[in-house]
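In these entries I record what I looked up about aromatic rings and their partners. The structure comes first, and my notes follow.

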Amino acid sequence: MKELLKLYENKAPEIVFNWKDPETDAEGWTVINSLRGGAAGGGTRMRKGLDMNEVLSLAKTMEVKFTVSGPAIGGAKSGINFDPQDPRKNGVLKRWYNAVAPLLKSYYGTGGDLNVDEIHEVIPITEDSGVWHPQEGVFNGHFKPTEADKINRIGQLRLGVIKVIESAEYSPDVSRKYTVADMITGFGVAEAARHFYDIYGGSIKGKRAIVQGFGNVGAAAAYYLAQMGAKVVGIIDRVGGVINEEGFSYEEIKDYFLQKDGNTLVADHMISFEEMNQRIWELPTEIFAPCAASRLITQAQIDKMIDTGLEVITCGANVPFADKEIFFGPIMEHTDQKVSLIPDFISNCGMARVFAYFMERRVAMTDEAIFEDTSKIIKKALQNTFKRNASKVDVSKTAFEIALKELV
């Protein structure tokens with residue numbers, strides 16, 4: 001696996017597009033790792049301090065993810081080094097998408113990512129740049145449909161991603177109009193843990209869980225874990241967190257979800273971040289869902305959790321460990337050898353899978369069909385990993401071997 005990984009990591013990307021904004025100090029990159037299958041896909045993120053290497057590592061991560069979620073295309077990513085709180089953000093995004101529009105028309109598909117919203121920013125701004133849909137390039141480069149079929153499938157994709165969830169089984173509150181895009185990634189993170197126990201032995205019911213991050217992914221993951229009968233014992237967010245060693249009830253977790261302010265946890269009796277960061281890693285827990293930013297988790301934190309009974313990690317963040325390597329750094333390897341580590345490209349493939357589902361053919365547009373499809377894809381990936389290695393350790397190593405054999 002390590003030889004395959006080295007070959008894959010060291011291979012130069014096919015295309016690097018670099019842009020400097022004429023009106024601000026913003027700088028952006030689109031990195032297309034390969035045009036496997038004639039196209040590439042990956043979202044657009046914005047943060048101050050972002051650099052080309054971050055975009056490159058995420059493009060490679062996307063390519064691995066597509067081996068699970070489909071379609072069989074190359075990985076890409078766009079990143080803009082700019083403060084997303086700056087009031088000039090919208091102008092920066094408009095100029096960025098104008099510059100990158102020829103790629104989006106031809107062979108590159110994008111979407112929302114960190115600090116860039118799929119529904120309120122990516123879709124309307126790319127439309128203004130003359131792109132039918134942010135995934136148009138994947139249609140043209142990979143699927144090569146007839147014009148009529150392309151119109152039908154783009155229509156399906158447009159409706160599907162912003163579809164308001166009507167089923168109380170998948171929405172914390174149907175009157176609040178949560179969309180598929182709001183919930184699907186966190187759903188996949190929770191489903192990965194549930195399928196893990198079903199396949200490798202045991203049940204998720206009654207298992208204690210810690211969730212890191214309470215944005216779209218973390219909040220949804222906590223909600224669905226609680227719905228499945230897991231006991232969320234701690235949530236740590238940027239501003240602080242909450243702990244209940246007996247486990248919060250499903251109703252309490254649902255209330256936290258409904259009360260959150262944007263991507264921030266809001267709670268009575270909030271514990272400060274400093275105190276949470278001291279206490280949470282030593283809480284007895286079986287499930288850990290890192291759903292905050294990339295490259296945060298240290299080996300000391302992981303070792304403390306292992307000492308208190310950690311069994312499985314289901315990754316909501318891409319590359320959650322504080323390793324400098326693109327994929328399999330020493331902290332990740334150490335963790336993989338000690339507990340069951342479900343890699344990000346399986347557990348957080350929900351949104352990529354939704355895109356693939358709506359692009360591939362005419363499909364059912366019900367909540368059940370959309371969410372069940374993501375669940376089945378995650379289950380299949382874990383079953384394939386289990387077939388190759390039935391041990392509860394080296395889960396990530398085995399999953400990477402399967403993916404890299406497709407790519408190298």
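I count rings of Phe, Tyr and Trp (its six-membered ring) as a pair if their centres lie within 6.5 Å; planes under 30 degrees apart are stacked, over 60 edge-to-face, and the rest tilted. I note that this is a predicted model, in which local features need pLDDT of at least 70, side-chain atom pairs count only at pLDDT 80 or more, and totals for chains, interfaces and linings use all residues. Residues are numbered from 1 along each chain as its sequence is written, and side-chain values use heavy atoms, with hydrogens and water left out.

Entry 1. I looked up the cluster: ring pairs link Tyr170, Tyr178, Phe187, Tyr223, Tyr224, Tyr250, Phe257 and Phe371.

Entry 2. I found 21 aromatic pairs in the structure. In one of them, the ring centres of tyrosine 200 and phenylalanine 386 are 4.9 Å apart and the planes stand at 80°, so I list the pair as edge-to-face. I classed tyrosine 200 as buried (under 20% relative accessible area; exposed is over 50%, partly exposed in between; 1.4 Å probe, protein chains only), because its relative accessibility is 8%. Phenylalanine 386, at 28%, counts as partly exposed.

Entry 3. I then took phenylalanine 328 and phenylalanine 400, whose ring centres are 5.7 Å apart with planes at 90°, so this pair is edge-to-face. Both phenylalanine 328 and phenylalanine 400 are buried.

Entry 4. Which residue lies over the face of tryptophan 132? I found lysine 150 there, at 4.7 Å from the ring centre; a charge sits over a ring if NZ of Lys or CZ of Arg is within 6 Å of the ring centre and within 35 degrees of the ring normal. Lysine 260 lies over the face of phenylalanine 257, at 5.3 Å from the ring centre.
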